[in-house]
2 protein chains.
Amino acid sequence: MPQPLRLGIAGLGTVGTGVLKIVRRHESTLTQRAGRPVSVSAVSARSRDKDRGVPLEAFAWEDDAVALAKRDDVDVFVELIGGDTGPALEATEAALALGKDVVTANKAMLAVHGQRLAELADANGATIRFEAAVAGGIPIIKALTESLAGNEFTRVMGVMNGTCNYILTRMENAGLPYDDVFAEADALGYLEADPTLDVGGIDAGHKLALLSAIAFGTQVDFDGIDIEGIENVTIEDIEQAADMGFRVKLLGVTQMTGRGLEQRMSPCLVPANSPLGQLENAMNMVVVEGDSSGQIVLRGAGAGEGPTASAVMGDVMDLARGIRTPTFGQPAASLRKATAARASAPAPFYLRMQLEDKPGALAKVAATLADAGVSIDRMRQYQHEKPSAPVLIVTHRTTRAAIDDAIAAMGATGVMASAPVALRIETL
Amino acid sequence: MPQPLRLGIAGLGTVGTGVLKIVRRHESTLTQRAGRPVSVSAVSARSRDKDRGVPLEAFAWEDDAVALAKRDDVDVFVELIGGDTGPALEATEAALALGKDVVTANKAMLAVHGQRLAELADANGATIRFEAAVAGGIPIIKALTESLAGNEFTRVMGVMNGTCNYILTRMENAGLPYDDVFAEADALGYLEADPTLDVGGIDAGHKLALLSAIAFGTQVDFDGIDIEGIENVTIEDIEQAADMGFRVKLLGVTQMTGRGLEQRMSPCLVPANSPLGQLENAMNMVVVEGDSSGQIVLRGAGAGEGPTASAVMGDVMDLARGIRTPTFGQPAASLRKATAARASAPAPFYLRMQLEDKPGALAKVAATLADAGVSIDRMRQYQHEKPSAPVLIVTHRTTRAAIDDAIAAMGATGVMASAPVALRIETL
């Protein structure tokens, strides 16, 4: 019998527990598929006594994740602690320094320290695998790194925060305002302790940064992402978008432009009849556009014990089979530094504004847009009871810079009842 | 510089030509990603002189695919000839016998000879990779074999013949009968020389047989598939299905049941608002249900130069990187012989029939169904001008055997104007 691959698992929350369950439940299937057994040598977590529904007696216990990573009977360090510093980072570094491969679900750590960790891995003949860090059970990391390795990528897009997608679809389906649905999601336990990680687009931004590195061979550049959360999306935006055949999604987009790497995470309008537009509730979806493959769409659960543990196990099984690629698909030293091209790719935009009920207000707005070089595709002024009139505009393709110029100039017209909202329309 | 991976490509149709283009266009990217160059040593095809838009001078030419496979300067044999016997099979066997890995897009060859070829590969330390054989550019083989290797699969489903999906969606969108759209598809060059390969469900059946082997660890069993084509789907079926919230798809389903492996390829009703129901035109989609991952959906182009060449290159890049798994994900000797459980999984069914305009006709049909143990969920009799009345029935969950019993008994009632059509409703 060949030697087992021996895991050390740090962090026994839902995902870590899920991994333990799979290793136990599918022992013989895993052995058959990998050609060798997969076993767990040792575990660590904050509390040893908590009942997790899985017996831990068979595994050595370590209080300290670094000590776990260094154990002689641990071949692969499975990091499921979370957080971009502290024990997760220290133990990952300890494992890599010893030439041990790391499997992790930690998007924050890789978004911040990815380049340095990938270099450390390369220097020690190790690799970091992180399928579980992006879009839960969806095998997007492997698809980009391996399946589609014959492509140059033109664009990668995704809905990668289930909580935000839940909030946006719930607003639409129930006709409820943002604050009410946010409170619901909070009561259901859907939100992180710091909810801005979710609704502010940070968590999804971490994931996008990792996809960019693989797709474009660039160093992870989380700071280069333009991030905008869903906090200012109103039920009116959602209803008006629906009326024009669109749905609002917190969409991450990364694409290489003539001016550099453009990475955006923001609420966008997407066609309602597109796969992204049809994505409901907490589901995740990633759309990859390759020069040969065309558009490949992957959809699945973005979180939860089973899906995330499935992704961790996919990485573990790869390592058991001897499948190893450099962390971001090519040697870390060959990853180019990205030049952030902020919002340079042109697109149509959706603009919502409240105009004072004064003669000539609409004409002033139209003139302001014209001065900024923004041409109007459609405009609607709605029936209203308030002293200000809601106006919606869909522009022809333009740049975010031109839109921002126009919005700045509108402020001086004296006809704006409140600051306009601008949402990009992402064509698919 | 590490040694290049040297390809020998047999078959220079659209896919082979597409592979040559990618190797040339992305030379430096491929080298960076694989850690070594990918080169083409030699090619073979039926005609040397045909203009393919790619220069061939740099490659050695072989008239004979077997000679190509045996060349000393060929590390990997890329089989893009097609056909389940003849040169494709002979050259594949020759390559494997020499311990050379094979990359192929040939679903027919693997569906018929897969087990024997996988055993031959194992015996010689080689492997066969066939991402391009199933659903074109969609990375379903790698997803099942590697990404989801921690799962036991409960069901795998797919729309895997773009021509059939084109015909069915075109019928629905244009309101045209099958024969008209079939003629259109023929004129557009969408159909195989023998169109029953497409519309008869054979081609999609070949693909399903390969997915079953990986998902359930069983020997490829193409003969165990219940195959029914789309030839008898009428525009009335499509319109009535739409009216009830369904769409008709040529759907392949494989699942392990208590009675054995059930593999079906048949026109089915699927919910119109499900990912499968929303799949339009020539697109392909595969839905995988894993016990941990939940439902994972993959969508993309199922054919064409770019997508299929992208899949071939994914396999080539894996081999260049040293990523090798046994042909069907585990040693061929460990694949169990499948017991075909024919249509045993229960489901609701859609029944369409023409009844003679006689008093009591409907009552007789209802009684026949009751006698067969089939209970009715919904029934509709439509307005009609003909001497026979169209009747639609949606049953509660039942078995195909009970439906077939009921249909056989209906023949004896003397009220059937024509043979009933029964379509399974696949719940998602």
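Val103(A) stands opposite Arg129(A), a residue of strand β6(A). Strand β5 of chain A, residues 101-104, runs parallel to β6(A) and is joined to it by two bridges. The model is predicted. Chain B superposes on chain A by a rotation of 180° with 0.0 Å of shift along the axis.

**Parallel sheet of chain A**

- Six strands of chain A make up an open sheet with parallel pairing.
- The strand order in this sheet is β3-β2-β1-β4-β5-β6.
- The edges are formed by β3 (60-62) and β6 (128-129) of chain A, each of which pairs on one side only.
- Pairing between strands of a sheet goes through backbone hydrogen bonds and may be parallel or antiparallel.

**Surroundings of Val112(A)**

- Val112(A) lies in helix α5 of chain A, which covers residues 107-123.
- Val112(A) counts as partly exposed because it has 19 C-beta neighbours inside 10 Å, while a buried residue needs 20 or more.
- Leaving out residues up to four places away in sequence, Val112(A) touches Asp84(A) and Phe222(A).
- Phe222(A) is 110 residues from Val112(A) along the chain, yet their C-alpha atoms are separated by 6.8 Å.

**Relation between the two chains**

- Leu298(B) comes closest to the rotation axis among the residues of chain B, with its C-alpha at 2.3 Å.

**Contact between chains A and B**

- Chain B contributes 47 residues to the contact, and chain A contributes 47 residues.
- On the side of chain B that touches chain A, at least two residues each come from α1 (14-25), α2 (27-34), α6 (140-147), β12 (294-301) and α12 (305-321) of chain B.
- With nine residues, α12(B) gives the most to this side of chain B.
- The side of chain B that touches chain A has 16 nonpolar, 23 polar and eight charged residues.

**Strand pairing across the chains**

- Strand β12 of chain A, residues 294-301, is joined to β12(B) by three bridges.
- These two strands run antiparallel, whereas the pairing in the six-stranded sheet of chain A is parallel.
- In this pairing Arg299(A) stands opposite Val297(B), which belongs to β12(B).

Definitions and conventions. Residues numbered from 1 in each chain as written. Chains lettered and ligands numbered in written order. Predicted model: local features only at pLDDT ≥ 70, side-chain atom pairs only at ≥ 80, totals over all residues. Pairing = 2+ DSSP bridges. Helix = DSSP H or I, 4+ residues; strand = E, 2+ residues; numbered from the N terminus. Least-squares fit on C-alpha atoms with pLDDT ≥ 70 in both. Contact = placed C-beta atoms within 7 Å. Nonpolar A, V, L, I, M, F, W, Y, C, P; charged D, E, K, R; others polar. Buried ≥ 20, exposed ≤ 12 C-beta atoms within 10 Å, placed from the backbone.
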